[in-house]
Amino acid sequence: MRKLLVVFAFTVFGYTATAQGVFKIGATAGVAVSDAGDIADWALGVDAYYMIEKVDAVINFGPTVGFRNFFMSIDGIDDAQFLPIAGAARLKLFGILSGGVDVGYALGISDYLDGGFYYRPTVGIDIADAIELNASFESISDAATWGSLNVGILFEF
């Protein structure tokens, strides 16, 4: 097992030594689904990515952090807010299409939330190499499942 970890570490180091980092910031808007659909109408989010990319590479990866706000449809209940912290991986197809997943943990910011497992599969299309339009499903497994179907935009710097 130790040898496998060493090989993995050298592979990642070798990949990142010849790659460049790209900073991306984006926003999403979506409709609440799963358990959240019963008590929330819609959700807004922002994300920041630092993707490690190689020229002509099929897969890119990096860390991400964001903020989610589920707007409650029931009076008297504060909005549900989360801070997702995750790792992101993206496959690039045909130069303009991408697909991948963010996986990590979402911290509950609202008083009544603990936080939980976070995942977000996403598909996107690049426009002018600096803008990505995307669609995603997002799920945060707290005591309830906070889900949303989203559309978003991502800007590359």
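Predicted model: local features only at pLDDT ≥ 70, side-chain atom pairs only at ≥ 80, totals over all residues.

User: Is Ser-136 buried or exposed?

Analyst: The relative accessible area of Ser-136 is 7%. A residue counts as buried when this value is under 20%. Because 7% falls under that cut-off, Ser-136 is buried.

User: With which residue does the side chain of Ser-136 form a polar contact of 3.1 Å?

Analyst: Leaving aside neighbours within four places in sequence, Ser-136 is in contact with Arg-120, Pro-121, Thr-122, Ser-148, Leu-149 and Asn-150. The side-chain polar contact of 3.1 Å joins Ser-136 to one of these residues, Arg-120.

User: Thr-122 is also in contact with Ser-136. In which strand is Thr-122 found, and is Thr-122 buried or exposed?

Analyst: Thr-122 is found in strand β6, which covers residues 115–127. Its relative accessibility is 6%, and the cut-off for a buried residue is under 20%. Therefore the strand is β6, and Thr-122 counts as buried.

User: From which backbone oxygen does a polar atom of the Thr-122 side chain lie 3.2 Å?

Analyst: Not counting residues up to four places away in sequence, Thr-122 touches Arg-90, Ser-98, Gly-99, Gly-100, Asn-134, Ala-135 and Ser-136. The backbone oxygen that lies 3.2 Å from a polar atom of the Thr-122 side chain belongs to one of them, Ala-135.

User: Which element gives the most to the largest nonpolar core?

Analyst: That core has 14 residues, and those touching the most other members are Phe-70, Ala-80, Phe-82, Ile-140 and Trp-146. At least two residues come from each of β2, β3 (59–72) and β4. With three residues, the element that gives the most is β4.

User: Which residues touch Ile-140, leaving aside its neighbours within four places in sequence?

Analyst: Ile-140 is among the core residues that touch the most other members. Its contacts, with those neighbours left aside, are Phe-82, Ala-106, Gly-116, Phe-117, Tyr-118, Thr-145 and Trp-146.

User: What is the volume of the largest pocket, and which residues are closest to its centre?

Analyst: The volume is about 540 Å³. Of the 24 lining residues, the closest to the centre are Glu-53, Asn-60, Lys-92, Asp-126 and Glu-156.

User: How many residues of that lining are charged?

Analyst: The elements that give two or more residues to the lining are β1 (20–34), β2 (40–53), β4 (80–93), β7 (131–141) and β8 (145–156). By residue type, the lining has 10 nonpolar and four polar members, and the number of charged residues is 10.

Methods
Residues numbered from 1 in each chain as written. Heavy atoms only, no water. 1 Å grid on protein atoms, 1.4 Å probe; cavity = no way out; pocket = protein on both sides within 12 Å on 5 of 7 lines; lining within 4 Å. Points joined across faces, edges and corners; volume = space filled by probe spheres on them. Helix = DSSP H or I, 4+ residues; strand = E, 2+ residues; numbered from the N terminus. Nonpolar A, V, L, I, M, F, W, Y, C, P; charged D, E, K, R; others polar. Core = buried A, V, L, I, M, F, W, Y, C linked by side-chain atoms within 4.5 Å. Buried < 20%, exposed > 50% of the residue type's maximum accessible area, 1.4 Å probe, protein only. Contact = heavy atoms within 4.5 Å. Polar contact = N/O pair within 3.5 Å; in protein donor to acceptor, adjacent residues only side chain to side chain.
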